[in-house]
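These notebook entries record what I looked up in one structure.

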Amino acid sequence: MPEVSRRQFLASTAAAMAAPFISTSSTRARAQESGKLGVAICGLGKLSTDQIAPALMKTRHCRLAGIVTGTPAKAEAWKAKYGIPAGNVYSYDTMDRMADNPDIDLVYVVTPNALHAQHTIQAAQAGKHVFCEKPLEISVERCQQMIDACRNAGRLLGTAYRCQYDPHHLECIRLVREEVFGKPTILQAGFAIDVGVADQWRLKRALAGGGALMDVGIYALQATRYLTGEEPIAVSAQQTSTDPVKFAEVDESVVWTTRFPSGVVAYCSTSYKAGRIQNLRVNAERGWFELDPAFFYGGNHGRRSDGKEIRYPEIDLFAAEMDDFARCIIERKPTRVPGEEGLRDVRIMQAIYESVRTGKTVSLA
Ligand code: NAD
């Protein structure tokens, strides 16, 4: 190839391959050296302790390199348990100092919902990639600020939607895409938990942004979107509360219906108190399939109208999502769960709350 056209070819290839974020050569070199990216967990609560840290031990492309916590006793316990060096321990106020720490490549934000923007932006400004728990934040505006901060820093932002890595959910997506039972007609999805004691951030609007819908209803909403592959065009919703004292600030139970451009409708439910709701069902032209339980950390399985089961060997969903995100950073690929995906759900949840308030169908078209 002549030199000029070779240079043109290389320049145009580089432009075509430019990812929306920068995987620095030093990040790739370190990952190649150790085979793993250094992850700092921000917020050492229940999910971090019981799920994320143990899952990190099972990943191929990540290692637990650091922590961010406001509790010195937790810092000591985690340092001892996971061999974290003192120099990789940060408080929420000192996260900017991560900028000088090449041992940390990405920050996994696992704090209460309304702190996600603050911690994501701090991490991005320190030059770190960010993987953030759901919901991405409590308003569309804050989600956008997080997306902008990561984009401006040239870093990747991911939303921790673990169900997008569950083989049971992936099989349901395949059944819809390949129209194994024909086109879908009506979807049903619901997720309820018992939220527990009254004195916790999940029941405070300023920290949670909302109640059952923001916390677990989001899984039902997400599922209706990735199953159809469509964005809802209208939503209508109602809420009910049997304990207005405990649920004075956030929703206890919400039911909603969404309409999609193809004509598919979904009816969904969520609650902090309604007992067991754990299902995802697709009715289609020539049959149906469902998962129940659908949204647990493990043990999800289901069945189809032709008598077949939907059941796969157990995997650690947290390890799977972390590994995939790390691979995207190393290989400079977009993630299937970008910040924009988290923002879309927050926008729809805001519309669901608007419908509850106004009693009217809210257009999303
Ligand atoms: P948690 O209450 O157990 O932990 C929250 C952590 O944030 C604690 O370590 C707490 O000390 C810290 N924190 C920092 N500032 C705080 C403040 N001002 N008020 C209260 N706590 C503060 O909560 P969790 O269950 O670990 O949830 C954390 C995040 O993870 C939430 O966004 C939640 O939606 C999400 N989550 C996701 C899943 C999932 O399956 N992906 C499951 C549970 C929780």
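**Entry 1: the second largest cavity.** I sorted the lining of the second largest cavity by class and noted four nonpolar, three polar and two charged residues. For these classes, Ala, Val, Leu, Ile, Met, Phe, Trp, Tyr, Cys and Pro count as nonpolar, Asp, Glu, Lys and Arg as charged, and the others, Gly among them, as polar. The lining consists of N113, W201, R202, A208, G210, G211, M214, D215 and Y272. I recorded about 30 Å³ for the space in this second largest cavity.

I note that the model is predicted, that local features need pLDDT of at least 70 and side-chain atom pairs pLDDT 80 or more, and that totals for chains, interfaces and linings use all residues. Residues are numbered from 1 along each chain as its sequence is written, and side-chain values use heavy atoms, with hydrogens and water left out.

Entry 2: How many cavities of 30 Å³ or more does a search of the whole structure find? I found two. On a 1 Å grid over the protein atoms alone, a cavity is a set of points where a 1.4 Å probe fits but cannot get out; lining residues have an atom within 4 Å of a point. Grid points are joined across faces, edges and corners, and the volume is the space filled by probe spheres set on the points. The largest cavity has a volume of about 60 Å³. Among the residues that line it are D166, H168, F296, Y297, N300 and E314.

**Entry 3: the largest pocket.** A pocket is an open set of grid points with protein on both sides within 12 Å along at least five of seven lines. I noted a volume of about 810 Å³ for the largest pocket. Of the 35 residues that line it, K46, L47, R202, D215 and Y297 lie nearest its centre. Helices α3 (46-56) and α9 (212-228) each supply at least two lining residues, and α3 gives the largest share, four residues. Helices (H or I, at least four residues) and strands (E, at least two) are DSSP runs numbered from the N terminus. The pocket lining divides into 16 nonpolar, ten polar and nine charged residues.

**Entry 4: charged pairs.** I counted 24 salt bridges, each a side-chain nitrogen of Lys or Arg within 4 Å of a carboxyl oxygen of Asp or Glu. D148 and R151 form one of them, at 3.9 Å from N to O. These two residues are separated by about one helical turn because they stand three residues apart in helix α6 (residues 140-153).

In another pair, K183 and E179, the closest N and O atoms are 2.9 Å apart. K183 is partly exposed at 44% relative accessibility, as is E179 at 34%; the term covers values between buried (under 20%) and exposed (over 50%), taken with a 1.4 Å probe and protein chains only.
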